[in-house]
Amino acid sequence: MDIFVQQLINGLVLGSVYALVALGYTMVYGILELINFAHGEITMFGAMVALAVISALTGAGVDLPGVVIALLGLLTAIPVCMALGYTIERVAYRPLRHAPRLAPLITAIGVSIVLQNVAMLIWGRQYIPFPPILPQGHHNLLGARITDIQIAILVTSVVLMIALTLLVQRTRLGRAMRATAQSPQLAGLMGVNSNTVISLTFIIGSGLAAVAGVMVSAYYGLAHYYMGFLLGLKAFSAAVLGGIGNLAGAMLGGLLLGVIESLGAGYIGDITGGFLGSNYQDVFAFFVLIAVLIVRPSGLLGERVGERA
Amino acid sequence: MNPTLRNTLLTALVSAALISGCSKKDESADNIIKIGSASPLTGPQAHLGKDNENGAQLAVDEINAAGLTLNGKKMHIDLIAEDDQADPKAATTVAQKLVDDGVVGVIGHLNSGATIPASKIYFDAGIPQISPSATAISYTAQGYNTAYRVMTNDRQQGQVLGQYAVNQLGAKRIAVIDDRTAYGQGLADEFEKAVKAAGGEVVAREYTTDKSTDFMAILTSIKSHDPQVVFFGGMDPQAAPLAKQLNELGIKAQLLGGDGMQTPAFIDLANSAAEGTIASNPGLPLDSMPGGKAFREKFNARFGEIQNYAPYAYDAVYVMVDAMKRANSSDPAKYLAELPKTDHQGVTGHIRFDNKGDLTDGAVSLYQVKSGKWQVLQTVQNTK
């Protein structure tokens, strides 16, 4: 039982990070029907910028509590990533807004490669350690262990997800975003500046990515210019699983993917009597993804395709 | 751009190209020898890959500066470094590219998984290959007369580790994790065999990838088997978060591993969680190597800290050039015949090859992290 609870905690922590990143994919897709492959790299930039600030502060011997230093890193990373997300949209996607769908997809892949290489030039090929400044305590929960960092990740993710849902459902900007998603032209006729809305979508998504990046690097204790790739891929899968374009779907998909991966890796050996081992954990996760998509091609909470005029 | 201007520019470019082409030709009064270096220069293992390239470059620059002659002409080695991304598929592309570029020998690759598929291409082209760091047994077991390595193989290392775990650590219950690469899996398999031979029991066998950072799920599963030793076959970017997560889950087992995690980066990344970890590395500790201290100074002055295999890449270049000197030729067909007769006192030790291309009497050393540094525990000589 305690092992099961532990696997569930592992999965939820992992899944809440996937969910935060998946939100960025799904928001952009919802409005532009564009898969922003550079999103994983924005996550990586968030981690890198925060680490640079944290290392500079600890290196300079600043006498602040570790949590404050980490927060300063995070608060630097968020605006940097927001600016990065805005710039990417402005430079790489907006000029291609009316080009065939494949063109911005290719530039997205291009931007992702450029960002990886820029990060490699700035921060090098080394893995960058996250200084041990955060509290390392842990608590018992139904016989399983949950660390302070895991609690922080879970709480932060849930708060951000609620905040984003409120933003989209309850504010003027949210209404403008939903209107633009349904029909940019019609939203424009109603006085919505779709360019501003799209820019803000990228900015918000990038901010979330920055938070996710910093949390991942704090959790695993390292950052690397390549870390955004796999994280982006998993988060994208989570968005598809939940129904790409749907915010609640991205959150559900993220959490679900995390839990499936964790339980899959933990139990697949026992279920199959040792025939399949934990080397099949990704296979297992993608098998679930495919199975869901066969039954519900637009994802768990996805809406019918073809709504757009 | 107007057509006249474009023509002028084109002419300028073409003549510039011609001039530079000419100056290159003039150098061929020297004997230009192209040697390839293949290792991951991008991706998660880029830090190790660049380290290998730097080690080889150091040797190449020394040889060029020393002004050795071959067949009456001054030797000038060009090191052509290629990025195999630690990926078996990319490795074959890179290997073909090096062959097409006309290299006469290759230092590489870094990973066993990349080295093995590439070795067929070098064998078909008759080009000698010396890997500084591929330790998988199957690399030299393919019967290619072009395949050599200057590092102890996984059988030698796995045996030392397995016997150490059971006999010296007194562990009976052992969990094994590998990263599913030719190296990680090969080492873990040899370790498992040695553990069983010594009377230990492998209570869990789990798998991850060489790109993962999350091991909570497999470690939780391992925890339920209550092992005394957790063995990891893989590289430092995985080993460090693995060490941290062992702590987070409150698993008290001793972490044990191979050369892939016996690096300074492992300690930097794992911080306090690295403390107590034991890992092996083929060969002698750098400071006990015959030329270790001098090498460290030279390397630090030019490239900074040594990651892991740079001294082996450095020795590999010298072994290759030595064979060329004995054959008095850089023709692969001629100096290949000299490679089996290698008897070279290198930085890493005394290098001689058996009939497969493996080191004849490789040493394996064990290290433990104590107060934030790798400290030598013991060295096992003449492993078979």
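**Figure 1. The ring pair B:Phe295 and B:Tyr314 in a predicted model.** B:Phe295 and B:Tyr314 are both buried (buried means under 20% relative accessible area, exposed over 50%, partly exposed in between, with a 1.4 Å probe and protein chains only). Their ring centres lie 4.9 Å apart and their planes meet at 65°, so the pair is edge-to-face. Rings of Phe, Tyr and Trp (its six-membered ring) pair if their centres lie within 6.5 Å; planes under 30 degrees apart are stacked, over 60 edge-to-face, and the rest tilted. B:Phe295 sits in helix α11 (residues 292-303) of chain B and B:Tyr314 in helix α12 (residues 310-327) of chain B, so the contact ties together parts 19 residues apart in sequence. Helices (H or I, at least four residues) and strands (E, at least two) are DSSP runs, numbered from the N terminus. One aromatic cluster holds B:Phe295, B:Phe299, B:Phe303, B:Tyr314 and B:Tyr318.

Residues are numbered from 1 along each chain as its sequence is written, and chains are lettered from A and ligands numbered from 1 in the order in which they are written. In this predicted model, local features need pLDDT of at least 70, side-chain atom pairs count only at pLDDT 80 or more, and totals for chains, interfaces and linings use all residues; side-chain values use heavy atoms, with hydrogens and water left out.

Figure 2. A:Tyr225 is buried, at 2% relative accessible area. A:Tyr226 is partly exposed, at 22%.

**Figure 3. The open sheet of chain B.** Six strands run in the order β2-β3-β1-β4-β5-β6, with mixed pairing. Two strands pair if DSSP finds at least two bridges between them. The edges are β2 (69-70) and β6 (147-149) of chain B, and each pairs on one side only. Strand β4 (residues 105-108) and strand β5 (residues 129-131) of chain B run parallel, joined by 2 bridges. B:Val106 has B:Gln129 of β5(B) as its bridge partner.

**Figure 4. Strand β1 of chain B and its partners.** Of the 9 residues of β1(B), 7 are buried, so the strand is largely enclosed by the rest of the structure. Toward β3(B) there are 9 bridges, and the two strands run parallel. B:Ser39 stands opposite B:Asp83 of β3(B). Toward β4(B) the pairing is also parallel, over 4 bridges. Here B:Ala38 faces B:Gly108 of β4(B).

**Figure 5. Helices on the sheet of chain B.** Helix α3 (residues 88-100) of chain B lies across β1 (31-39), β3 (73-83) and β4 of chain B. Its direction is at about 155° to β3(B). Helix α12(B) packs on the sheet too, touching β1, β2, β3, β4 and β5 of chain B. The direction of α12(B) makes about 160° with that of β4(B). Contact means heavy atoms within 4.5 Å. Axes are lines fitted to C-alpha atoms, for helices over the stretch in contact, and angles run from 0 to 180 degrees between N-to-C directions.

Figure 6. Most residues other than glycine have a negative phi, and most peptide bonds are trans. The peptide bond from B:Gly108 to B:His109 is cis, with omega near 0°. A:Leu142 has a positive phi, near 50°. B:Gln85, not a glycine, has a positive phi of about 55°.

**Figure 7. Chain A as a whole.** Chain A has 11 helices and 4 strands. Its C-alpha atoms fill a box of roughly 55 × 55 × 35 Å along the principal axes. Buried residues make up 50% of the 309 residues. Of the contacts in chain A between residues at least 6 apart in sequence, 78% join residues at least 24 apart.
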